[in-house]
Amino acid sequence: MTGHFAFDVLIIGSGAAGLSLALRLAEHAKVAVLAKGPLSEGSTNYAQGGVSAVFDAADSIESHIQDTLIAGADLCHEGAVRFTVEHGPASIRWLSEQGVPFTLEARDDGSREYHLTREGGHSHRRVVHAADATGRAIQTTLEERARACPTLRLFENHVAVDLVTTRKLGLTDNRCVGAYVLDRDSGRIEVIAARFVILASGGASRVYLYSSNPDGSTGDGIAMAWRAGCRIANMEFMQFHPTCLYHPAAKSFLITEAVRGEGGHLLLPDGTRFMERFDPRLELAPRDIVARAIDHEMKRLGVPCLYLDISHKPAAFIEEHFPNVLATCLDYGFDMRREPLPIVPAAHYTCGGVMTDFAGHTDLPGLYAVGEVAFTGLHGANRMASNSLLECLVFAASAGQDILTRLADVPPPPPLPDWDESRVTDSDEEVVVSHNWLELRRFMWDYVGIVRTDKRLARARHRVELLLREIDEYYGHFRISADVIELRNLAQVAELIIRCALARQESRGLHYTLDYPDTDTAHPPRDTVLVPGNWALAERMPGW
């Protein structure tokens, strides 16, 4: 029997965006939070650097806005940037009220204020942090609050299969009314109905062979929204973090941006610095520039990795500022107090996503998107360091306020049908899934990586189209598993990335192509918008 549940709000995702939204709504609505594994197994838990917000008297809102616009390579939407930055300090204070243990420092008057660090692209110290494990501190605190909240229902080890819309039910007005969900423990498909559904499912960096993200970053929300009829924008802008630990057992452990912000040097294997040949800001250049520089030098020299060195700083400084990075690197045999760390770039952040407004609305009534899954216009062609957690918090708060104003006016959804498994069987070819998974991630890394060409992209498009047909055939004949769901979503997101990349005939921000190495200055910058049904490209709607 299919399990049926009904809530006012269903939140798909349990990171900073999902849990902060859930806690803001819990006093006023019946809320469910869906997590693919344990609550903590999302990208937030692995974020090291911090949250950017203006607290320093020498800093300003305008400076933060300008730094973000510059990092976004003229593609940020200034209104979205201003909205986010202006609401930043309040979001930090809200986290403090929840109990997040941010690092503080004593002032001359005896007061204790946020210790602020600096990261690439920022002109001032404005990154609020909890040592070098800010994401873990935020995730742990919000998770503790969520588990203690009696009005929150937490569905751990549950994977969203697809959204349910009234159009799929044969009704006239189209609205999102819930989701089909796989209980990984029982293998049963359950039905969760809700007045409002929020995608807070994170990004899609696991579409690449090497990624700093946890295994669950498979673009589920983006793929589900696309299948439900929502526009997707700017998927060509996939950010590669320049400094992930190079070690076969490390699974691309991320070396925080703050190591460079606090004076770390990037080195060639012979110990010489090289960033002066790529950008006057040296190691503090935006991530896309740093990642391309590292990629260029690795290919030029034919070496598997480069190095990041902060050993010229006192050992006590490193131990105080980077205790978690130090401890993890020691586990892998590297002592950053005494030697450089081997590093490589890895897929890190999805700048595009499901198109939303400032309240998180998507094209589908009843469906919201917040956090990395969403395209708000904040990041443009390149995300500036520590603006991602900020976006999660600001837009979760905004979406929460909007939902509260609409809660009394939206009726409960109609009864939702069971998931139909009457014509499927158990698969005896699970090896197909693992082979397709590896093939997809490898050709995305080879053909749609840091440096692209039209020829590589065309090859990737051909391969992903074949793969999608094979996955659809498999999906229609066999009982689904979490691996099949994620593979289906990854392949769909891969196609979106490739289509967007082919449409942008210029190099801008994170999208760099050898066929069009210059930025198009003859025309105003525009977003790449994909419209379901016909792959039509359109500029962002005025006033969206």
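Guide: Begin with burial: a residue is buried under 20% relative accessible area, exposed over 50% and partly exposed in between, using a 1.4 Å probe and protein chains only. In this chain, buried residues make up 60% of the 544 residues. The model is predicted: local features need pLDDT of at least 70, side-chain atom pairs count only at pLDDT 80 or more, and totals for chains, interfaces and linings use all residues. Residues are numbered from 1 along each chain as its sequence is written, and side-chain values use heavy atoms, without hydrogens and water.

Visitor: Which residues touch the most other members of the largest nonpolar core?

Guide: In soluble globular proteins, nonpolar side chains tend to be buried together. A nonpolar core is a set of buried Ala, Val, Leu, Ile, Met, Phe, Trp, Tyr and Cys residues joined through side-chain atoms within 4.5 Å. Here the largest has 80 residues, and I12, L440 and M444 touch the most other members. A second, separate core holds 47 residues, including W94 and F102.

Visitor: Is E119 buried or exposed?

Guide: E119 is buried, with a relative accessible area of 1%. A polar contact is a pair of N or O atoms within 3.5 Å; within protein, one must be able to donate a hydrogen and the other to accept it, and residues adjacent in sequence count only if both atoms are side-chain atoms. The E119 side chain makes such a contact with the side chain of S386, at 2.8 Å. Contact in general means heavy atoms within 4.5 Å. Beyond its neighbours within four places in sequence, E119 is in contact with residues including G49, T256 and L284.
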